[in-house]
Amino acid sequence: MAHHSGDPVPTGREAQVRRVRELVKEAAAGRGGSLLVDGEPGAGKTALLSLVVREAERLRCRVLTGAARELCPTPLGALLDCLEPHAPTDRIRRAALAAGTAPGGHPSVALRHVFRLIAQLCRGAPVVLVLDNLHGADEASLLVWRRLTETAGRRPLLLATAVRSAPGRPLARAGAALTDAGATRLTLPPLGLRDTARYAERVLGAPPGPGLLRLLGDAAGNPRHLGELLDALTADGAVRVTSDTVELARPAGPEAPGGPGGVPGVLGVPGDPFTRDTRGLPGDIPLRLPPALAASLTDRIGRLSAEARTALRIAALLDAPFTRRELAVCLDRAPDDPLPAVDEALAAGAMTADAPGEDEAPGEDEAPGERLRLSQEMLRGALRDSVPATLRAALHGRAARALAAVDAPARRVAAHLLAADPADDDWTLPWLLRHADELPGRHPRAAAELVERVLERIPATHPDRARLRFAALRGAYLLHHPDAAARARDAYDRTAHPAHRARLGALAVLALLQDGRPAHWVIDDILAATPPARRPVRTVRFLALRATLLCAGRRLDEARALADRVLDRALALRDPVAEGYARAVRAQILTHTGDLTGAFQESGHARDAARHRPWTQDLLLSQTLLGAHLLGTRDRDREGRALLGRARALAVRTGSPARRAWTHTVAARFHYRAGRWDEALDDLDRGRQPPAPWLPVPPLGLDAVILVGRDRRDAARARIAAARADLPAGADPAYLPLARALLAERDGDPDTALTLLAGALGTGPAGAPGARAAHRSARLPDTLRIALALGDTALARAAVDAAGTAAGSTPGEPGPHALAHRLRGLLDGDPGPLLAAADHYRHQGMRLCLARTEEDLAAVLARRGDSDGARDHLNHAVDLYQEFGAHWYTARADARLRSLGVRRGPRGTRGRPRTGWDALTPTELKVAFLVAEGRSNPEAAAELLLSPRTVQTHVSHILAKLGVRTRIDIGREAGRRRPPPGPTPGTPHSREPPHPRDTPTRTTGRPRDAPRTDDARAAP
């Protein structure tokens, strides 16, 4: 196992390492400065300071190091510990101690001695002063450090220190004072999922598979915890390494034999109800942590008050996310009592409060801003494991009682009941009876298991036994238990009561349909025993189920005719259940026939009919997923992700693995186009497990497309072979032709690639007649790109015409029109349509499509002679490709533009930060200063000889990089950065200020009329 903390360039910290080396180099040249590194414990602060030391020693600087000690903050102690090996400090220590013991004393004499001593040290050689753990330093040391920071730029002195901080929380007082004094702040944020995968690949020698990556996500991007977790997994033999990937020895998930994940000693306890995460990542199961890692995590909260530690341990037992009200009740407080302990935990970063993101939705009981969770799933596991099992069960029982007493949502109470001692549930019968109708849809596992406990204790003659039995059967159906259909059918056969028999019959139909087995006989039996005139609502509901069965059996004409009749009768009877099922059938048929706009409208009506009715929550889930899918086919990804978030919340509440797998199948395409490729691969993996006959097949070939983009050709070949073997005759090949074509192109055979892609136009061997429009459209951009490269203008025009036809058939949809603009602009060499398409993709968060469009823009501008604009767009494209890990796309874009005379060059994206003022390109700097002068887009365009559309694109990039919203904000930031007045630009004595990446000073940018030096054609 590799040593994690000693990597020369830690994974995910490349930009910070570059900045550290720049600062040390400046200090060695006599230009000092101050560096402040902040991050949570384990983020790599000490490793970065160690890099400062190594670089300074390599450049022959005088290095002084030390670390503040929180337990003995003697006056100037932290600073003098750094100086002592290199200079006499006894006199200073005596003066500081004397001032500290005198009433009202101030160590002014000691401070003067310190400043004098440091000035003397700087005369001999550049000095690098490194102090770790600034948050533990005494006040006198902090004062000296701040004053040195204010003057460091005038000496050959580099100050480097680190302070503890929590993600998303304000910087501590000591750190804030240094940034105010001018220190360069380098924040070490948690590693993202992509960097987590890179870290694991660096340690294990191969990329992690989806299951392992889900598990590593529980470390919340903390490098130290990632390393310890990988060490534990490897030592336990819990991972298997192949030539292509590293995966858990058995798949992670609650279905694996031998308990969750099947990894003894590392993963959680089977059957734990507190394992659900509406975000999809990290994994489904809490960790049973190695002792060293658990101790590291619990030490993190050791500095908090006893009240905060108690609140965190109780919070670890709650189903995340939870609310303050729920936590207060479980702490034996009034629901609306203030909780200072929560505020303390939030400030320390041990707990987070967040509003739902764009692709997730809160439950009906969760208010925005009140969604609390522990900051790391592993911290939650460590705190849970620190509570003995018997005490934990008692706490769950007490929490269930307390929540039930304040009428908390049923699923919250039920989750605690599942984990409580079964012997202490005598009060649960009346509670279950009150919630028997809603509980299966909110927490089916509770309905299936808790009700079974009660049924074992109540007599067979209990008046509510049939109602409770039905709730248990509904829970088993939603959980997709193997015997759910058989149990429902058996209960139906043994029940004589007409109303109970009808309800069991409907459940039996749905369970049989879920298993892919015939169920018409149940409907016929019910309808034969139901007089339509006496039970019109029951009749129309079973006719709606019959239409559903006909649609599932591909008898579409019969299903459509019956659904139309059912809808008319349901509207007349005002029955939302029958209406919802009838509209769902119509939506499915319209989707199959290609009327996606009509399908989306019908699906929306079906969702409206099914909403807030316990019996139709499954219907609501299916139509919400269908709506999200249909939005995705029209490139309306922002709306689609929001709808998908609501579907995920519904699926998570069911607790059904199959229904959660369904949401992952739909989410994969959204994550792919958003550039979140690790999440997309994880979705595809989860969408395949567990298999169910009624689940839609994950998009074939999409994983191979991603693997080709990442230049993992062997893995892509294996996935393509598996997808071709799984493809039924005549079925939609989805992304499979695109994957095969991209692999052929990567292998150096563009002619074969173009032949495969010709099927997107229905003119080649890959053009199966049933291929869906969305998948055909996904192939058109590569068809056009390769056709132009090979000089096949006829096929290029055919691709553009196909996109135009698709856009013409959907006049109100911006997505197809964006694709048509994108292709037309590339064919005609016109940047205007490409910029319009880029605006759409940027707004929709479709970062892959945006990157591809930026690359096309670069090619078009290069052909028009605008090398500067081409380089900017190429840099933007490559920035995005590198975030995705699309190594081949990066190399392909570089080669494509190199053939047109454009290179990223030494000032390209390899050294530029992704956000902040320093991330602005030279052209963006010019635009920013013109915006600051109040210039409009047309005025700036005339000044820079660009089109107004291009200027608008630059303004959008500036807003995104600076994290601001308005042009006024750009002007304010540019005003802070504008260089001081000097000689008139263009005079013999004027010099253009360097780009912000090439200078350590705060002043960046240059006068707008200064000569350009970033253009490859500029004179030296």
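Apart from its neighbours within four places in sequence, Leu874 makes contact with Ala858, Ala893, Asp894, Leu897, Val902 and Arg904. This comes from a predicted model, in which the chain has a mean pLDDT of 78 and 81% of its residues reach 70 or more.

**Confidence along the chain**
- Although 81% of the residues reach a pLDDT of 70 or more, the value is below 50 over residues 100-105, a stretch that has one contact in the model beyond near neighbours in sequence.
- Residues 356-369 also have a pLDDT below 50, and for this stretch the model shows 38 contacts beyond near neighbours in sequence.

**Leu874 in helix H42**
- Leu874 belongs to helix H42, which covers residues 867-884.
- With a relative accessible area of 0%, under the 20% cut-off, Leu874 is classed as buried.
- Leu857 stands 17 residues from Leu874 in sequence, and the two C-alpha atoms are 8.0 Å apart in space.

**Thr539 in helix H25**
- Thr539 is placed in helix H25, made up of residues 536-552.
- The relative accessibility of Thr539 is 6%, and because buried means under 20%, Thr539 counts as buried.
- Once its neighbours within four places in sequence are set aside, the contacts of Thr539 are with Leu527, Thr530, Pro531, Pro532 and Arg569.

**Helix H30**
- Helix H30 runs over residues 637-654, and its 18 residues span 25 Å from the first C-alpha to the last, close to the 26 Å expected at 1.5 Å a residue.
- Of the 18 residues of H30, 14 are buried, and the helix is therefore largely enclosed by the rest of the structure.

**The second largest cavity**
- The model holds eight cavities of 30 Å³ or more, and the second largest cavity contains about 80 Å³ of space.
- The lining of the second largest cavity consists of Gly441, Arg474, Tyr477, Leu478, Leu507, Leu510, Tyr581, Pro614, Trp615, Thr616, Gln617 and Asp618.
- By residue class, this lining comprises seven nonpolar, three polar and two charged residues.
- At least two lining residues come from each of helix H21 (465-478), helix H23 (498-514) and helix H29 (617-633), and H21 gives the most, with three residues.

Note on methods. Residues numbered from 1 in each chain as written. Predicted model: local features only at pLDDT ≥ 70, side-chain atom pairs only at ≥ 80, totals over all residues. Heavy atoms only, no water. 1 Å grid on protein atoms, 1.4 Å probe; cavity = no way out; pocket = protein on both sides within 12 Å on 5 of 7 lines; lining within 4 Å. Points joined across faces, edges and corners; volume = space filled by probe spheres on them. Helix = DSSP H or I, 4+ residues; strand = E, 2+ residues; numbered from the N terminus. Nonpolar A, V, L, I, M, F, W, Y, C, P; charged D, E, K, R; others polar. Expected span 1.5 Å × (residues − 1). Buried < 20%, exposed > 50% of the residue type's maximum accessible area, 1.4 Å probe, protein only. pLDDT = per-residue confidence, 0-100. Contact = heavy atoms within 4.5 Å.
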